[in-house]
Amino acid sequence: MRTDGVRTDGPGTDGPGTDGAGAEVGRLAATVERLQRQIREAQAAADGRALIEVAKGVLVERLRCGPAQAAAQLDALAARAGLSRLELAADIVNQAAQDRLTEAASDFLAQTSAEERSTASVAVRLRTAESGVLAADDDTQAVAASLLEHALTPLGATAVAVWAAGPDASLALAGCAGFSAEEARRWHYVPPAVATPARRALSERRTVWFPALSVTGLPSIGHRENPGGGRVAVPAGTGGRILGVLEICWPAPLDPQPPQIQRQVEALAELCAHTLDGRAQDGGHGAPGTRAPSGVSELVDLADGLHDPALVLLPHLEDGRLTDFRVHHANPSFVDPAGRPRSSVVGALLLETYPLAAGEGGLLEKAERVHATGEPFRAERIALTALVGQVPLTAVAGISLSRHRDGVLLIWRVEDEAARLAGLLQHAQRLGRIGGFEENVQTGERIWNEQLFSLYGLPPTAEPVPLERLADHAHPDDGAAIGRFLRTLLHHRRPASTAFRLRRSDGVARHIRVVAEPVLDAEGRLLALRGAYQDVSAQHWTEVALAATRDRLAHSEQQAEEHNRLALQLQHAIMPPARGPVDTSGLGIAVRYRPAEEEHLVGGDWYDAVTLPSGQVLLCVGDVAGHGIDAATGMVALRGALRGLAATGTGPGQLLAWLNNVTCHLTERVTATVVCGLYDPESRVLRWARAGHLPPVLLRRGRASSLPLVDGVLLGAAPDLPYEEGALQLESGDTLLMYTDGLIERKDRSVQQSLKQLLATAEESAGSLEERLDHLLTHSSADTDDDTCVVGVHLP
């Protein structure tokens, strides 16, 4: 049933009317969607008609005909070329404009195939997007929608954001398309310190491509909805000034794009720059709650209110590019480093006034960056150089650069000599922990610098401590020294100094040195006291540590000298450094022993030549590992043990086997090498064995050769080891050389090479046995600073 035209539920209905209401809502939603689609189609058609009208205007100008004739001519040319009116209109506008959009379209067509050209319609898309931008005027939101629909959707992009750069290098979302309203509200403003893709493009002043946003770790609008999609951020600027950033989003990771696509994107960013420029002229701004200056006149007023020298710089463009800045105004406080008047600077180009500002990292580069990004620049010390008669005049100044609308305000403060010296003194006092003071004796006024308050552990607002009360803040044991200091200063009126221990209120004790002098008038009356305190705690403790170290070193040196003296006495008592020739059982035996170059390197080299009770002659040379008293005592133990074992009459192999067991069981941590021989005077046979030692050298009829190696491991390696014996039949005139490795060992060559050199040196020698040994020591090329022992045996 119906009442007053309103449908109500009655008998026979299926429910409370929800189905009917739902159907009405559905029809309403469909109607709204249809109307929105029609509006979008109408807007697209309007953009297309705008492009066609521009093409008609071009034809009117070139053909000098009326609008109707131009429309007919456009239809005829399109039919003849097999193009639509919109495509032909785009080509006509491209040929007439010759701008960035023309370059982008031409570049794309030059690098695509004929099949791709027929479907691409790049010129149509770009020019249609341009028409939408022009129709939107300063509505950046409509600009973003037009760019996405006409130019970016065919490239696979799904969203776009247009950021406006604020004067403080902040970013404001001027317009977007493809993002939700909630996301746009969340990202309506980005402070200057937040790193985003748009911030990176703004700071680097170049187009930045991101294959996937998640890889960069940079947040941006829509990053939570599509973190893995590709992004590109393009600076949008004109006349050298970056007004904002165009950010384009793709739904999937982005592969490297060809140059023609990159140029299209940059051309679209240039379209955005015109809109952002108009927005700025109308008072648009990046950060909410801020307002851009109304004009250059306000910037001039700001500069005139400053006490420091300031210049108002305006960009100087050539062919649309920023090449320099023109000095528009110099405030009354302006002082030129070269002494030129303001009139000679105002109106001139910055590089004409200061040509050396064009260097890398110079003033011009800083100003260009500030003008482009809006991010201010400050530096405490920068060189300002002017050329006067080709003579460079340089002044060091602290500068500040900031952008205001289209101008740049340059403020500098030249560092004069007095300020520079004061700053240098302040840093020197800080580094040297020096605090200065001055006391007026007449008025009682006391002045401390900041460092002195710090030394005393007092706040800068505290009352300075009078010099007469210095003892109240010092260690009691230093009272006498402070008393002498004050008497010299106050009564004798002479400069004085003393050192004392300062006791601060926070419990910290410091070692302080105070130096002061009296200030006298012409009649010798005391007017003031001035001086300085210096914290010498670090020096004091360093001296204490050095004194303790010197005492320990002296004690250590004394112990080392005593050990060295005992070792040398022990070593020389058993084996003198040089020993004369000995005749034993028909053999001529000579020994040369040379200790290491450094006396503290007392080694373990040893030798022995003795006739045994059996009539045989024991010949041996050994080397205990290590140096010092331990090596010397080990050498004595092994030498005595071998003499005792040799008295048993056994062969050299068995002797070394027993000596090895002695080394393993009766000594601690001792290893040694040795070569041992037993000579039988009746048979003239030398039986010998070695334990890790170099074999003897035989000189026979002027030729030198090493005896064949026999097996034998060094002493102390392991117990119960066998040692092989060798035998040599000596002949009249033979000379046998037994030596330690200190004679031949070198760091830069192998043992075989050193042994070969030894054989050659031995063959060169002539004369007596002692002369031969002296010749070997003289021409030894060893460089290890080890002991050297050589035993020569000659059979007449």
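Tutor: Start with a sulfur pair. The sulfur of Cys 676 has its closest cysteine sulfur in Cys 620, 5.8 Å away, which is too far for a bond. This is a predicted model, where local features need pLDDT of at least 70, side-chain atom pairs count only at pLDDT 80 or more, and totals for chains, interfaces and linings use all residues. Residues are numbered from 1 along each chain as its sequence is written, and side-chain values use heavy atoms, with hydrogens and water left out.

Student: What is a disulfide, and which cut-off applies?

Tutor: In general, a disulfide is a covalent bond between the sulfur atoms of two cysteines. Here the test is a pair of cysteine sulfur atoms within 2.5 Å.

Student: How many disulfides does the structure hold?

Tutor: The count is 0.

Student: Is Cys 676 buried or exposed?

Tutor: First the scale: buried means under 20% relative accessible area, exposed over 50%, partly exposed in between (1.4 Å probe, protein chains only). Cys 676 has 0% relative accessibility, so it counts as buried. Cys 272 is buried too, at 2%.

Student: Now the backbone. What is the phi of Arg 684?

Tutor: It is near 55°, a positive value in a residue other than glycine. Strands are DSSP runs of E, at least two residues, and are numbered from the N terminus. Arg 684 sits in the loop between β23 (672-680) and β24 (685-691). With 32% relative accessibility, Arg 684 is partly exposed.

Student: Where is Arg 701 found?

Tutor: In the loop between β25 (697-700) and β26 (703-706). Its phi is positive, about 50°, although Arg 701 is not a glycine. Arg 701 counts as exposed, because its relative accessibility is 70%.

Definitions and conventions: Helix = DSSP H or I, 4+ residues; strand = E, 2+ residues; numbered from the N terminus.
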